[in-house]
Amino acid sequence: MSDESQKEKLRQHFARRVTTQARVVLDTWQKIHEDPTQAQVYRNALEAAADKLVRYARRFEMESHARAGEGILAKLAHWQPDTPLSTAHQQTLEESVETLRHSTQRRSDENNNAPHPFRRTPVYIALADDESAARMIKQLEFFGFRASSFKTPNDLMSACALSKPETILIDINFGGGASSGITTIEHLQEQHDTPIPIIFMSDEDGSIETRLRASRCGGEEFFYPAVDPGQLIEKIESYTHGNTVEPYRVLVLDDSRAQAKFMETVLKKAGMNAHIITDPMQIITALDEFSPEIILLDMYMPGCTGMEIARVIRQQDKFHSVPIIYLSAEDDVGKQLHAMSLGGDDFLTKPVDPKHLIATLHNRGRRARSLLALMIRDSLTGLFNHTHTLYLLEQEIVRARQKDQPLCFAMIDLDYFKKVNDTFGHPIGDRILRSLSMFLKQRLRKTDHIGRYGGEEFALILPNTRPGDARNVVNEIRERFSDLVQEAGDRQFKVTFSCGLAAWQGESSQSLCERADRALYVSKAHGRNCVTLAEE
């Protein structure tokens, strides 16, 4: 290896140390932000973390991180130890923290909904066993959750009054009495307009009366005899506010401008994304540009009918399963059935009742997404399958060429995964695959694509991302994931992954995949648990 290559490798290593320390600062600030009652406890920790960040950043010549850390230290100087955090000081500190947050993002992240770590409301743990609670909190924090543990029902009630949690994990008998944990939750739920999702744990199987009572007070899960950390994290992720449903994309074709405007108003009020056209001849362009999930078609229009448009739409494979709903004053049931036999899925008679319209769209939209997920997603991890991942890569290459933007593709492979399956069994192996998939989803942008390429291989498509930024992002994920403690009964172990990364150079998707795959083999040959960037 040349001197220049060695220097570059050292520079990358030190850069990761700085960005890792920056995450510690952001995490500590988030703890203050989410639990002001503990602000004084974390104040000194924040100061120490920021001071360490500045020293690292100055040593490794990372000026933006150094300036951001110095800004935080300067603002902290005005917040004396053992004094409450005023609103004014909190606002000025937030500005400095936001500067640091921007320094840790990819250069292309600022306008692309990049995820901010540890920006969640807390998860509350109410377990009798302090050791189990501490282990659970550590695992949750690896996945970006802020977790707090409580020893008594009163402590839990007080914390919920100050800050409503994401969810609560609680022993059935928390507090010492029979079903006292359920009683505590019943009182808690009365204090909130919307119920908190509850995960109950029990050392006993639980009678039907106990399980019904737990369910009635917001119990989403009842674990007996113990909860697996991986399972718990998957459940909590499904209840989080960040796991919101994306608005449905609805294309409306109606030659009446007044009717089209009315439909647009109704759809937008219901939180849907509406795209309105009044000329049937624009349908192909609208389909390509908007890529709708549901289509509303006027039955009778000058020059053509909705049935004819439906047949044209159905001739395109990618829109074959998109629900088409006809809109018409036609009340002849025979004609309605004939229209649906030519490519339609439903029929709404004008004038359309807004509530009926929205209910129909929600029902059709949910079913369409479920069917689409079966076709394009892996059933175990929920990630895109091999075929759809390659389709998305083709689309991103087209977009990168049109916009003259960088694009990176990464191949990830879990190290010694066969040994994990042979040693601990396939259920544990499946849990690790789900764990990595969730880890990736939480740490990448909405504009990035994650696919399960096959077996223990994953693929990442990173649009508008330079090679150096992509390497830093994947390296940080790799380092964090390698620290995650996996459990199999009373045994604990850790899992790592190797990665091959390639920057698009104008070639085909197949060539790009092959270069990433070769880089992955280099990572494996160099001892695994590393990221290799393919040579240009």
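Mentor: A salt bridge is a side-chain nitrogen of Lys or Arg within 4 Å of a carboxyl oxygen of Asp or Glu. This is a predicted model, where local features need pLDDT of at least 70, side-chain atom pairs count only at pLDDT 80 or more, and totals for chains, interfaces and linings use all residues. Residues are numbered from 1 along each chain as its sequence is written, and side-chain values use heavy atoms, without hydrogens and water.

Trainee: What makes Asp422 and Lys418 a salt bridge?

Mentor: Their closest N and O atoms are 2.9 Å apart. The limit is 4 Å, so the pair counts.

Trainee: Why are Asp422 and Lys418 separated by about one helical turn?

Mentor: Because they lie 4 residues apart in helix H16 (residues 417–424). Helices are DSSP runs (H or I, at least four residues), numbered from the N terminus.

Trainee: What links Arg369 with Glu293?

Mentor: A salt bridge, with the closest N and O atoms 2.7 Å apart. The pair links distant parts of the chain, 76 residues apart. Arg369 is in helix H14. Glu293 is in the loop between helix H11 (283–290) and strand E8 (294–298).

Trainee: Why is Glu293 called buried?

Mentor: Its relative accessibility is 15%. Buried means under 20%, exposed over 50%, partly exposed in between (1.4 Å probe, protein chains only). So Glu293 counts as buried.

Definitions and conventions
Helices (H or I, at least four residues) and strands (E, at least two) are DSSP runs, numbered from the N terminus.
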